[in-house]
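Dear colleague,

Please find below the structure that I am handing over to you. My notes on what was found in it follow directly after.

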Amino acid sequence: RAACEEELRINRRTAPQLYLGVVPITGTPQAPRLGGAGPAIEYAVHMRRFDRAAEGTQLAERGLLTVAHIDSLARQVAALHQAAERAPADGPYGQPEHVARLAEDNFAPLEGLLAGRAEAAELAALRRWTRAEAARLAPLMQARRAAGWVRECHGDLHLGNIVWLAGEAVLFDALEFDPQLRWIDTMADVAFVFMDLHQHGRPELAWRFLNLYLDLTGDHGGLALLSYYAAYRALVRAKVTALRVQAAGDAHWASMLQYLRLALQFSQPRERVLYMASGVSGSGKSSQSQPLIEQRGIVRLRADVERKRLYGLAPEQPSASVAGGIYTRDASARTYGELLARARAVLEAGFSVLADATFLRRAHRAEFIALADALGLPCRILAFDAPAAVLRERVARRAAAGSDASEATVAVLERQLAEREPFGADELPRVVRVDSTAPVD
């Protein structure tokens, strides 16, 4: 009964329409009855049946996952994490030593199965990397635990535990049997979705999910843990799949090796580049760079989003309530400073960055070029532009819709056009000019 009530509690956070209650089972083991009078011999969770074809795994396998599915999923996961109870800093959950033990537990079953095979060397290398990363990341794990990033999450957030109902993602079947596996760093939950989308051959959707989640939560500081947790999640699935292998070469064997190689992929260093998406409002910086961040696996930092975050606003929340406004010269200076700090953190975490801002002033561009140079990384300026009439029409249409983080008006655009500073000779070798009225490669 206690287990059923706990399952009901944790799943009603995200799927109240599916979890209806806990019912007693009465009668006898030979003739049980759901409900009914008399003493209970067992308990069960009462759920509403749904169409299994709408589950994430089935949608992915049939090639039916869309960007609308993923955007809804990112919003639901972010909402869960932002509302979730935080583990006390002196409590038992999220200890780096426990995380390391869980990761270590994945290897023994796989080693036994792969002994004497070529894949054994890959597994050994992955074990060495996992141990080294656990030691390297332990201080960060401890710091995030103290800062409240260990929370009562879902714990088993793969595509098979997500269903889309009436167009919205619904997270169900949260992990109830072991609190240690549910009270985790929020990035460990994110990593499961991220890994599973890669496993289903949709890495571009994994990056779309990650970027929207980061826009909503601002947890760029957790990115240093993403590769470790994604590899861990892949290894968990490899271990679970290995338990079902009947013979080398069967379907479970192939699936196990696929998860193993995915874990290896996450353990490899990634290319790092600092991109600046530059241009006035309406030039297409955000819309046209979306395919780039999805296809190349880039973390995007949007000035419109980070500006609002500085003032405690959600990305699409109007800023009219902020006294003095959020588009003053001082606010812009703070915004570029915040973008620069976050860009450094993301690059140092091992990822490429696309900083999406107007970058109208050489001084702002120079700070980002200096950051890339200091880290020994390439820096590219993607200069988006379009004819002035097109820019005005885009900005007016977007302002009327009111559904974007940007609140720029045509008046703001006119000021930007008058104030933008041309690229200097030292900047031009880094510039890629993009006419956003034409299809963008």
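Which residues are buried in helix 15? In this predicted model, they are His364, Arg365, Phe368, Ile369, Leu371 and Ala372. Viewed down the axis of helix 15, the buried residues fall within an arc of 155°, so they line one face of the helix. The face turned away from that buried side carries Ala363 and Ala374, which are exposed.

The buried residues of helix 15 pack against strand 8, strand 10 and strand 11, and also against helix 14 (329-348). As for its length, helix 15 covers residues 362-375, and at 1.5 Å a residue its 14 residues should span 20 Å; the C-alpha atoms at its ends are 20 Å apart, which agrees. After helix 15 comes Gly376, with a positive phi near 70°.

Five strands make up an open sheet with parallel pairing, in the order 9-10-8-11-12. At its edges stand strand 9 and strand 12 (431-435); each has a single partner strand, so one side of each is left without a neighbour in the sheet. From one strand to the next, the twist averages 20°.

Two of the pairings may be described in detail. Strand 9 runs parallel to strand 10 (residues 352-356), and five bridges join them; Leu301 has Ala355 of strand 10 as its bridge partner. Strand 11 (residues 379-385) pairs with strand 12, also in the parallel sense and over five bridges. Here the bridge partner of Asp385 is Asp435, in strand 12.

Finally, helix 12 (residues 285-296) lies across several strands, namely strand 8 (274-278), strand 9, strand 10 and strand 11. Its direction is at about 155° to that of strand 9.

With kind regards

Technical notes
Residues are numbered from 1 along each chain as its sequence is written. This is a predicted model: local features need pLDDT of at least 70, side-chain atom pairs count only at pLDDT 80 or more; totals for chains, interfaces and linings use all residues. Side-chain values use heavy atoms; hydrogens and water are left out. Two strands pair if DSSP finds at least two bridges between them. Helices (H or I, at least four residues) and strands (E, at least two) are DSSP runs, numbered from the N terminus. Axes are lines fitted to C-alpha atoms, for helices over the stretch in contact, and angles run from 0 to 180 degrees between N-to-C directions. Contact means heavy atoms within 4.5 Å. The expected span of a helix is 1.5 Å times one less than its number of residues. Buried means under 20% relative accessible area, exposed over 50%, partly exposed in between (1.4 Å probe, protein chains only). The arc is that of the directions from the helix axis to the C-beta atoms.
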